[in-house]
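Here is a short briefing for a first look at this structure.

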Amino acid sequence: MSYNRIDRISEEVRREVDRIIREDLNDPRIAGTFSVTHADVTRDLRYAKIYVSVLEDEKRTDMLAALKKAAGFIRRELGRNIIIRYSPELTFVSD
């Protein structure tokens with residue numbers, strides 16, 4: 001397993017998580033200007049740390065709380081949309 005493969009999978013996970021948050025989540029706490037800046041997927045594809053940058057300081061904690069609450073839903077959607085061996089367990093961190 002090369003690092004290039006993990007990098008490609010991480011980038012694909014980042015793009016897909018960003019799309020799911022923007023299009024599929026209906027939580028009012030997810031608002032304002034944000035971006036999913038980076039995803040670190042472990043080599044065994046079991047875990048992914050998702051870095052989220054929120055422009056407005058006052059919305060950051062609510063946004064991260066909403067994402068942590070929706071992690072199961074996002075993980076399930078990710079598993080449906082990306083063909084990888086495991087759907088990684090997601091952890092959201094402020095960037």
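The chain carries 18 positive and 17 negative side chains, and the centres of the two sets are 6 Å apart. Lys and Arg count as positive and Asp and Glu as negative, while His and the chain ends are not counted. Each charge is placed at NZ of Lys, CZ of Arg, CG of Asp or CD of Glu.

This is a predicted model, in which local features need pLDDT of at least 70, side-chain atom pairs count only at pLDDT 80 or more, and totals for chains, interfaces and linings use all residues. Residues are numbered from 1 along each chain as its sequence is written, and side-chain values use heavy atoms, with hydrogens and water left out.

**Overall build**

- The chain has 3 helices and 3 strands. These are DSSP runs numbered from the N terminus (helices: H or I, at least four residues; strands: E, at least two).
- Along the sequence, the pattern reads α-β-β-α-α-β.
- The radius of gyration is 13 Å, close to the 12 Å that the globule rule gives for 95 residues, so the chain is as compact as a globular protein of that length. The radius is taken over C-alpha atoms, and the rule is 2.2 Å times the number of residues to the power 0.38.
- Along the principal axes, the C-alpha atoms fill a box of roughly 40 × 25 × 15 Å.

**Surface and contacts**

- Of the 95 residues in the chain, 36% are buried. Buried means under 20% relative accessible area, exposed means over 50%, and partly exposed is in between (1.4 Å probe, protein chains only).
- The accessible surface comes to about 5,700 Å², and 47% of it belongs to carbon and sulfur atoms. Areas come from the Shrake-Rupley method with a 1.4 Å probe; for residues, only the protein chains shown count as cover.
- Among contacts with a separation of 6 or more, 63% are between residues 24 or more positions apart. A contact means heavy atoms within 4.5 Å.

**The loop between E1 and E2**

- Asp-44 sits in the loop between E1 and E2. Asp-44 is partly exposed, because its relative accessible area is 40%.
- Leu-45 counts as buried because its relative accessibility is 1%.
- Phi of Leu-45 is near 65°, a positive value in a residue other than glycine. Most residues other than glycine have a negative phi.

**Residues in helices and strands**

- Arg-14 lies in helix H1 (residues 3-23) and is buried, at 18% relative accessibility. Beyond its neighbours within four places in sequence, Arg-14 contacts Val-36, Thr-37, His-38 and Ala-39.
- Glu-77 belongs to helix H3 (residues 71-81) and is buried at 12%. Not counting residues up to four places away in sequence, Glu-77 touches Ile-20 and Asp-24.
- Tyr-47 is in strand E2 and is partly exposed at 45%. With residues up to four places away left out, Tyr-47 touches Asp-40, Val-41, Thr-42, Pro-88 and Glu-89.
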